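Subject: A structure to look through

Dear colleague,

I am passing on a structure that I would like you to read alongside the notes below. Please keep it open while you go through them.

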Amino acid sequence: MAIIPQQRLFGWREIDELGDLERLVLVLEYLPDEELMQKLERERGHGRNDYPLRAVWNSILAGVVFQHTSVESLRRELKRNAQLREQCGFDPVRGEDAVPPSYVYSRILVKLMLHAGEVEKIFTRLVDEISTLLPDFGRVLALDSKAIHSLARGKKRDEEEKVPKPDGRRDTDADFGKKTYRGCRKDGTLWEKVISWFGYKLHLIVDAVYELPVGLTVTRASASDVKEGRKLIERVAEQNPEIIERCETLVADKGYDDSKLIMKLWDEYQIKPVIDIRNLWRDGEETRLVTGKENIVYDYCGTVYCHCLETNKRREMAFGGFEKDRGTLKYRCPARHYGVKCRGMEQCSATGGVRIPLAEDRRVFTPLARSSYKWKATYKKRTAVERVNARLDEVYGFEKHFIRGLKKMKLRCALALMVMLAMAVGRLRQKQGMNLRSLVKAA
């Protein structure tokens, strides 16, 4: 019998197949920016309106969609592309004269940074809209951070004691970050790779199925992944509580291996953490004895073994599931489960299985057992956040940019992710029709 693959309501490939103008139309039509525009219009009051705010704002969004790395690059595109000018809302009669000078963009970008809260509300509304259109949006989340290099160079040691003059060219907000990667080769030798950069760090939570952002923060490069990860989860829980209520698992690499984070996810939000683990045991310590058991041990990866009381032969126990009410993981006797012979079976107290409470070691024992096949299959979904990070580099210009300052970086990251969400909302609305909301409720 032929297997029919399950189709998803949204896939990013649909956006990749669209032209730039089609993408821009989706963004301009479905981005909920009316409150921000009204606030900026009220602040302008009865001042000059040579360059309408709405048109300038639309052109900034166009710069993100069209992958322009600077304002000057965007202005050149606007001057030569009459269709783009008209799409943004500039007066077609004025022609090239309708394109604002660079200082106009500088002023509105400063205003946008002052209204960072309103920009954040747009992002939150888009996440709410996506969660309504996609019934399973947020069920599996992925957490990771991304290094963003600054155009400026870091201070040399002999310059650190000097007070920099505010000349507008330095990046005094950025600092140095470092990530260390370790592993083991096939021949048993260990390897280590250290990556350092001067700039910032984007902390991102994305939906691991649809590869769409759910929450973000931008910090200096030296900020701790674990601490910012905990803050980001709290932020999403406050701004989009329905996402946290819907979430079943959160996936992250070993950079987020932390007892507080693991306990927070499960104890406060009932989210199963699927986070890779670091070996923090003493050198030479391979296994530890389970409390109250004489022949049941576990390793730092959460694999549970039993030792035969007659031969001392070690066998891996079969995972039997998580008992939520008891807060325990159940493991079955390998002799009974797999049908292997065990000479010490009659003397063993674990023939009926054992229950290991999560409290035995909260890092090692999690609601979704690390030794289970489901844990390994779920962990593979972590690559979704890496694809979003790659999209930010390749499509939205973070691989080569001219941004200096933490506030500017926060605004630029928010704009890129808002554009990403707006295109997804628009594609879903066009594809499913305006009645999709009622269809989702009926389902």
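Which residues are exposed on the other side of α7? They are Arg107 and Leu114, where exposed means over 50% relative accessible area, buried under 20%, and partly exposed in between (1.4 Å probe, protein chains only). Before going on, please note that this is a predicted model, in which local features need pLDDT of at least 70 and side-chain atom pairs count only at pLDDT 80 or more, while totals for chains, interfaces and linings use all residues. Residues are numbered from 1 along each chain as its sequence is written, and side-chain values use heavy atoms, with hydrogens and water left out.

The buried residues of helix α7 (residues 102–114) are Val104, Tyr105, Ile108 and Leu112. Seen down the axis of α7, they fall within an arc of 95° (taken from the directions from the helix axis to the C-beta atoms), so they line one face of the helix. Helices (H or I, at least four residues) and strands (E, at least two) are DSSP runs, numbered from the N terminus.

Turning to the strands, an open antiparallel sheet is formed by 3 of them in the order β11-β12-β13, where two strands pair if DSSP finds at least two bridges between them. The edge strands, each pairing on one side only, are β11 (318–323) and β13. While 5 bridges join β11 to β12, β12 (residues 328–332) pairs with β13 over 4 bridges, and Leu329 has Ile356 in β13 as its bridge partner.

Best wishes
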